[in-house]
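Take a look at the fold below. We will go from the whole chain to its core, then to a pocket and a single side chain.

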Amino acid sequence: MEVLVECICGRKFHVDPEQVNEFDCEACGRPLVVPPAAMADKLASLRARMATGEPGMRDAMRDAGQVRSPHVLPLLKTGAESGVREAVNTALCALTDMSGPGTDLLADWINEGRLSMSRLASAYRELKHDRGTGFLCAMIDQGRLKENQVAEVADYLAETGAPGALETLKAARKAYPNMSSILDAALNKMRHLDSTAGGVPDEAKRIPGQSADAAPEARKGCMGLVMALVVVAALAAAAVLA
């Protein structure tokens, strides 16, 4: 009996598991593994429900998100691209939980501009998916996001109250001085974790070209001018009395 094998590039293959166990996708070259019989039946059931419309797509994504196997990746990809908001949210969170193939797919979409950071943060927020914080922080810490993408998720990271998010935002504040107002606003929401959060980093206070340990220049106040005028007045008075 032939089994349907899907690749995330969109190609589908019908193969005989007794003859073939592994093969490369003819379209993109990705290595594919034929699912065992029980998994193949599960995937077929999910596909049938996805084809019934929005309710079926939502329900199928909830079940697909519980299947911790790369075989379900093409189905989650379809759900994330379905346009059904609840299904999209569920699929994005499930891909986040699938470290490796799932997170790699999300990173590709982000780099290609197919998935905005604000949309991903919305999915995490609506489903209260706290595990998404780690993925976002890793993307920022590794320098894989642009400044505007960091700005899109700064407020969400602050809302999570996660210690890891605090450290990521503090590091971003030093790395992206152009976004000081956005990052300071986010860090201010985390002052319950760190009283210094939201403060201006020492690096931002330094004058360009000035040594970090240089002594600050003495201030020239008004007192010096007053004393000078007193001296001049005294000399003038002495001259008149002479």
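What share of the contacts in the chain with a separation of 6 or more comes from residues 24 or more positions apart? The figure is 51%, where contact means heavy atoms within 4.5 Å.

This is a predicted model, so local features need pLDDT of at least 70 and side-chain atom pairs count only at pLDDT 80 or more, while totals for chains, interfaces and linings use all residues. Residues are numbered from 1 along each chain as its sequence is written, and side-chain values use heavy atoms, with hydrogens and water left out.

Start with the overall layout. The chain has twelve helices and four strands; these are DSSP runs numbered from the N terminus, helices being H or I with at least four residues and strands E with at least two. Of the 242 residues, 39% are buried. Buried means under 20% relative accessible area (1.4 Å probe, protein chains only).

Now go inside. The largest nonpolar core holds 58 residues. Such a core is a set of buried Ala, Val, Leu, Ile, Met, Phe, Trp, Tyr and Cys residues joined through side-chain atoms within 4.5 Å. Val72, Leu92, Leu136, Leu157 and Leu169 touch the most other members. Helix α4 (residues 85-97) contributes the most to this core, with seven residues. A second, separate core has ten residues, among them Cys7, Cys25, Val34 and Ala40. Back to Leu169: beyond its neighbours within four places in sequence, Leu169 contacts Ala154, Leu157, Ala158, Leu183, Ala186, Leu187 and Met190.

Next, the largest pocket. A pocket is an open set of points on a 1 Å grid over the protein atoms alone, where a 1.4 Å probe fits, with protein on both sides within 12 Å along at least five of seven lines; lining residues have an atom within 4 Å of a point. Its lining has 25 residues, and Ile8, Arg30, Leu32, Pro70 and Leu73 lie nearest the centre. α5 (101-112) is one of the elements that supply at least two lining residues.

Finish with Met57, in helix α2 (residues 54-64). Is Met57 buried or exposed? Met57 is buried, because its relative accessible area is 9%. Leaving aside neighbours within four places in sequence, Met57 contacts Arg49, Met50, Gly79, Ser82, Val84 and Ala87. Met57 and Glu86 are 29 residues apart along the chain, and their C-alpha atoms are separated by 9.0 Å.

Terms used
Buried means under 20% relative accessible area, exposed over 50%, partly exposed in between (1.4 Å probe, protein chains only).
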